[in-house]
Amino acid sequence: MAVFQGGLPLVGWLVGSTFRSVIESYDHWIAFVLLLIIGGKLIYEGIIDKGEQNSKINPTNNLMLAGMALATSIDALIVGVGFGLIDVNIWMAMLVIALATFLFSVVGVYLGRKIGTRINKGIDIFGGLVLIGLGLKILLEHTCC
């Protein structure tokens, strides 16, 4: 998970930085919209009832794990595009994202066993609000004052 979450922002950053000169005048709007979409998705997932999970999924299968890591890291690719549009140290961002993903994955597995889905909705909503707030901050920094 950490490899995909930490690596895909580099791919997005390469795309974003390649087209930076073309879209520099409205890059803050792109970053805002991307973070708004990702944050909104998290909030939506925190509100809807996910029901029972499919018990046929085996997360210990390496191919299944790689597929899950890729599928859950698409948002990291999109965030990387936003990083390419603003001045971000991509190497530091990748390191922080990978380390945080590793740490939170380990803690998440442990806590998941202990408290299950009781706090899941609140965490998704909180994370979505943080991303939207970050997008709003970027937008305000480029359009105000």
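Let's start at one residue, T101. Setting aside neighbours within four places in sequence, T101 touches M1, A2 and Q5. Keep in mind that you're looking at a predicted model. T101 sits in helix 6, and its relative accessible area is 16%. The cut-off for "buried" is under 20%, so T101 counts as buried.

Now zoom out to the helices around that spot. Helix 1 covers residues 2-18 and helix 6 covers residues 90-115. These two pack with their axes 7 Å apart, at an angle of about 155 degrees. Anything over 145 degrees counts as roughly antiparallel, and that's why helix 1 and helix 6 get that description. If you look at how they cross, helix 1 goes past helix 6 in a right-handed way.

Which residues of helix 1 and helix 6 meet? From helix 1 come A2, Q5, G6, G7, P9, L10 and W13.

Is I138 buried or exposed? With a relative accessible area of 9%, I138 is buried. Leaving out neighbours within four places in sequence, I138 is in contact with H28, A31, L35 and I86. Take L35 from that list: it is 103 residues from I138 along the chain, and the C-alpha atoms of the two are separated by 9.9 Å.

Technical notes:
Residues are numbered from 1 along each chain as its sequence is written. This is a predicted model: local features need pLDDT of at least 70, side-chain atom pairs count only at pLDDT 80 or more; totals for chains, interfaces and linings use all residues. Side-chain values use heavy atoms; hydrogens and water are left out. Axes are lines fitted to C-alpha atoms, for helices over the stretch in contact, and angles run from 0 to 180 degrees between N-to-C directions. Helices (H or I, at least four residues) and strands (E, at least two) are DSSP runs, numbered from the N terminus. Angles under 35 degrees count as roughly parallel, over 145 as roughly antiparallel, 65 to 115 as roughly perpendicular and the rest as oblique. A crossing is left-handed if the near helix is turned anticlockwise from the far one by less than a right angle, and right-handed if clockwise. Contact means heavy atoms within 4.5 Å. Buried means under 20% relative accessible area, exposed over 50%, partly exposed in between (1.4 Å probe, protein chains only).
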